[in-house]
Amino acid sequence: MGAFNGTGTFVRTYDWTTDDDNGINIEASRMDTEDDGFATGLSNCITKDGQTIISANIPMNSKKFTGLTNGSARTDSIALGQVQDNTYEYLGENGGVADAYTWTPSPAITAYAAGQTWLVKIGAGDGNTTASTANISAVGSRAIEKSDGAGATTALESGDMIAGSIYKLVDNGTALVLQNPEKPYLNATNITNITPSILDTDAVNNLGIAASVAASALTISLKTKAGTDPSTTDSVKICFRNSTLTTGTYNTRTVTAATSVIVSSGSTLGTISGDTSIVYVYAIDNAGSIELAVSLTEFEDNSIQSTTAEGAAGAADSAAVLYSTTARSNVPIRLIGSITSTQATAGTWATSPAILKLLPKNTESAVLLISQTASASATIDFIDLDTTYSGYNNYEFRFINILPSTTNTAFVSRFSVDNGSNFISANYATIIIKAVIGSSPSSEAGNTSAIPISSEDTGASQGLANTSTNGFNGIINLNKPSSSSVYKSMVSNGCGYVNQAGNYVWVASSGRYTGATTAVNAIRFLFSSGNIASGVIQMWGYK
């Protein structure tokens, strides 16, 4: 029977000319056989009206179909123009609402499949605000996630998809992975790859603070810029200096949970009833965990400090102490904000703060370097001016309610050039100008063994009294102690209660060490007799 031979050539069964030459008559059976061959061959051809059902693969021999119309069903062939126009990957603007998106491709899909890729546009007002999902062709809700930079995926953060932008989603078999999020996920694995322009030693990202009062206590909380508690999908990041003073690297810490500090009822922080005070808010790096601390004192940003436990018992009352929920020793701190507060009764936190302000960097030219509290102390020494506290042109020492244990004594200071191993007790040139109530201003003869801060005229009972309600307050300035080319001098100004009954004294003094121009790297404060019973001395630095 005639038919195609398998290579596209039709082979006839009979040849009528050959039959005639061979004397073979035309017979019905031979005609039927020949015609059946034609029928078989024609049935193997492709009909132009689409009647033929293809039964095997068709080799095109490097030829092409031309003039194709665009495919419209999942089983259709696709035209090159549809590929170029990305007709079926681009789904256009979303349906649904922000965080629960829908898209409807045509033709519809019937199931999700690993490797499916979609390009989608986020409509006006539909930027994501939290973890998000997509439902494509109503197949079902599927999480939209992003890479965590460590081989896994994590939920979206607020603002990962913004209105008007186009994003690429790839199905990984369990979720649709966002390939171009607005906020690349930062973790311990990929944080080192972030360039300094995005994240550097001063970086504070997505930070806010909040403060509230309840039950006479003050609660200060760390928030995101949206005013919500930090979370794994909306975290706060803060860079801290290394906890070792001699190491110049830094650490980036991430807050992913609610973080706060409570100033308990009765704790004044050193505030005064009816006075407006500024409470400074700090983040501290406790071995990788961020905690909050507060103080009435502005400590140097990005410095290392020790904190005192607030105690939750209403006893956090010092203006010079840095308070946190749990005491921490030698931890890096960042100054992140301040709270302006006025309370009718100090320690009764009943009025909400009037002003909250973010301070990601120190904004003062003077910074508190260290504060020391006296308690029956023979001396108060400040050392390491040339190492730990170097880099300042001027140091200011502030005296807060310094009280002698012995009455009628003088408050003085001495220098050291060997970081406190020895304090110099000779070769000072000094002068004192004073004014006592009821007397004209007068001067005192210079002291060569120390630089006086208060009156030394104990013979006239003008030394400081040890009345507990009347401490000595004042300021000393020490200029360029690191210089080795000039004599070191100090200037002081203060006021205290003298041993003469009912008299107060104002004292202005100055002094210099004339023994050598050697750099001074430590200073001591003491009374000419007896201990320092109580009081606070702060050392501030000016660039």
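The side chains of Glu291 and Arg328 meet in a salt bridge, 2.7 Å from N to O. A salt bridge here is a side-chain nitrogen of Lys or Arg within 4 Å of a carboxyl oxygen of Asp or Glu. The pair links distant parts of the chain, 37 residues apart: Glu291 in strand β19 (residues 289–295), Arg328 in the loop between β22 (323–324) and β23 (331–342). Helices (H or I, at least four residues) and strands (E, at least two) are DSSP runs, numbered from the N terminus.

This is a predicted model: local features need pLDDT of at least 70, side-chain atom pairs count only at pLDDT 80 or more, and totals for chains, interfaces and linings use all residues. Residues are numbered from 1 along each chain as its sequence is written, and side-chain values use heavy atoms, with hydrogens and water left out.

**Salt bridges**

- The structure holds 13 salt bridges.
- Glu291 is buried, because its relative accessible area is 17%. Buried means under 20% relative accessible area, exposed over 50%, and partly exposed in between (1.4 Å probe, protein chains only).
- Arg524 forms a salt bridge with Asp381, and their closest N and O atoms are 2.8 Å apart.
- Arg524 lies in strand β35 (residues 522–527) and Asp381 in strand β26 (residues 380–382), so this pair ties together parts that are 143 residues apart in sequence.
- Arg524 counts as partly exposed because its relative accessibility is 23%. Asp381 is partly exposed too, with a relative accessible area of 25%.
- Asp160 forms a salt bridge with Lys146, with the closest N and O atoms 2.9 Å apart.
- That pair also links distant parts of the chain, 14 residues apart: Asp160 sits in the loop between β9 (153–155) and β10 (166–171), Lys146 in strand β8 (residues 141–147).
- Asp160 is at 0% relative accessibility, so Asp160 counts as buried. Lys146 is also at 0% and counts as buried.
- Glu157 joins in: Lys146, Glu157 and Asp160 are linked in a network of salt bridges.

**Largest pocket**

- The largest pocket has a volume of about 570 Å³.
- It is lined by 26 residues, and the closest to its centre are Ile304, Gln305, Leu369, Ile370 and Tyr389.
- Two elements give two or more residues to this lining: β20 (304–305) and β25 (366–377).
- The largest share, six residues, comes from β25.
- By class, the pocket lining has eleven nonpolar, twelve polar and three charged residues. Ala, Val, Leu, Ile, Met, Phe, Trp, Tyr, Cys and Pro count as nonpolar, Asp, Glu, Lys and Arg as charged, and the others, Gly among them, as polar.
- On a 1 Å grid over the protein atoms alone, a pocket is an open set of points with protein on both sides within 12 Å along at least five of seven lines, while a cavity is a set where a 1.4 Å probe fits but cannot get out; lining residues have an atom within 4 Å of a point.
- Grid points are joined across faces, edges and corners, and a volume is the space filled by probe spheres set on the points.

**Cavity**

- The structure holds one cavity of 30 Å³ or more.
- The largest cavity has a volume of about 40 Å³.
- Its lining is Thr271, Ile272, Asp275, Ser277, Ser341, Thr342, Gln343 and Trp349.
- Two of these residues are nonpolar, five polar and one charged.

**Surface patch**

- Ile46, Ile54 and Ile58 form a nonpolar patch on the surface, with about 290 Å² of accessible area together.
- Patches are made of residues with over 30% relative accessible area and no salt bridge; like charges are joined within 9 Å, nonpolar side chains (Val, Leu, Ile, Met, Phe, Trp, Tyr) within 5 Å.
- Accessible areas come from the Shrake-Rupley method with a 1.4 Å probe, and for residues only the protein chains shown count as cover.
- Ile54 is in the loop between α2 (28–43) and α3 (80–84). Ile54 counts as partly exposed because its relative accessibility is 44%.

**Backbone details**

- Most residues other than glycine have a negative phi, and most peptide bonds are trans.
- The peptide bond from Ser106 to Pro107 is cis, with omega near 5°. Pro107 is in the loop between β5 (100–103) and β6 (117–121).
- Asn206 has a positive phi, near 65°. Asn206 is in the loop between β12 (204–205) and β13 (208–214), and counts as buried at 12% relative accessibility.
- Asn419 has a positive phi, near 60°. Asn419 is in the loop between β28 (411–416) and β29 (428–436), and is partly exposed with a relative accessible area of 26%.
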